[in-house]
Amino acid sequence: MKFLFRALTLVFMVALGEAVGDRMRWTRKEMVEIAGYGELKLSSVILTASLLSSSSHPISGATVGIMCHTGHRRRSKVIKAVTNDFGQFTIDLPSDLHAIPDLDKACSIKPLSVPKPYRCSHKIHRGIKLVSSSNGLRFYTAGNITLH
């Protein structure tokens, strides 16, 4: 009798599981929404700064990079940007760097290459500072970076 009860319970559970399983199949879009990642960007980290010469002229066409310490003696790859005509640049950090604790202490900006007329010591590392944060959008700045 006990065996029959267990066997019927097992058959019932398998049948119920298959019926529920048919309803529980999700589309890719539904899975992305449920998991909270994928094509939907949940947060953004934007970094802005300006690159100036020692005479306070904007340096256009310079390549700058941001590097973040991700812990365990590892650093992230360098995320690069090129300055515009006003010496300004904007970097949208990749999402794998958004969760770094104390991002302002872990990341720094460095000029990587400077056009010939502005050749000078570009061995400068500048930290970043949080300017604002709301609704999953954080803005950081390094201010004006002056090369000497």
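This report covers a sheet, a nonpolar core and one histidine in a predicted model.

Four strands form an open sheet in the order 5-1-9-8, and the pairing is mixed. Strand 5 and strand 8 (129–134) are the edge strands. Each has a single partner strand, so one side of each has no neighbour in the sheet. From one strand to the next, the twist averages 20°.

Strand 1 (residues 44–52) pairs with strand 9 (residues 137–146). The sense is parallel, over 9 bridges. L47 has Y140 in strand 9 as its bridge partner.

## The nonpolar core

The largest nonpolar core holds 27 residues. I66, I91, L93, L103, I109 and I128 have the most contacts inside it. Several elements give two or more residues to this core, among them strand 2 (63–71), strand 4 (79–82), helix 3 and strand 6 (107–113). Strand 1 supplies the largest share, 4 residues.

I91 touches V45, I46, L47, I66, I79 and A81, leaving out residues up to four places away in sequence. In soluble globular proteins, nonpolar side chains tend to be buried together.

## The H98 site

H98 sits in the loop between strand 5 (88–92) and helix 3 (103–106). Is H98 buried or exposed? H98 counts as buried because its relative accessible area is 9%, under the 20% cut-off.

A polar atom of the H98 side chain lies 3.0 Å from the backbone oxygen of L93. Beyond its neighbours within four places in sequence, H98 is in contact with S43, S44, V45, L93 and R138. L93 is also one of the residues with the most contacts inside the core.

Definitions and conventions:
Residues are numbered from 1 along each chain as its sequence is written. This is a predicted model: local features need pLDDT of at least 70, side-chain atom pairs count only at pLDDT 80 or more; totals for chains, interfaces and linings use all residues. Side-chain values use heavy atoms; hydrogens and water are left out. Buried means under 20% relative accessible area, exposed over 50%, partly exposed in between (1.4 Å probe, protein chains only). A polar contact is a pair of N or O atoms within 3.5 Å; within protein, one must be able to donate a hydrogen and the other to accept it, and residues adjacent in sequence count only if both atoms are side-chain atoms. Contact means heavy atoms within 4.5 Å. Two strands pair if DSSP finds at least two bridges between them. Axes are lines fitted to C-alpha atoms, for helices over the stretch in contact, and angles run from 0 to 180 degrees between N-to-C directions. A nonpolar core is a set of buried Ala, Val, Leu, Ile, Met, Phe, Trp, Tyr and Cys residues joined through side-chain atoms within 4.5 Å.
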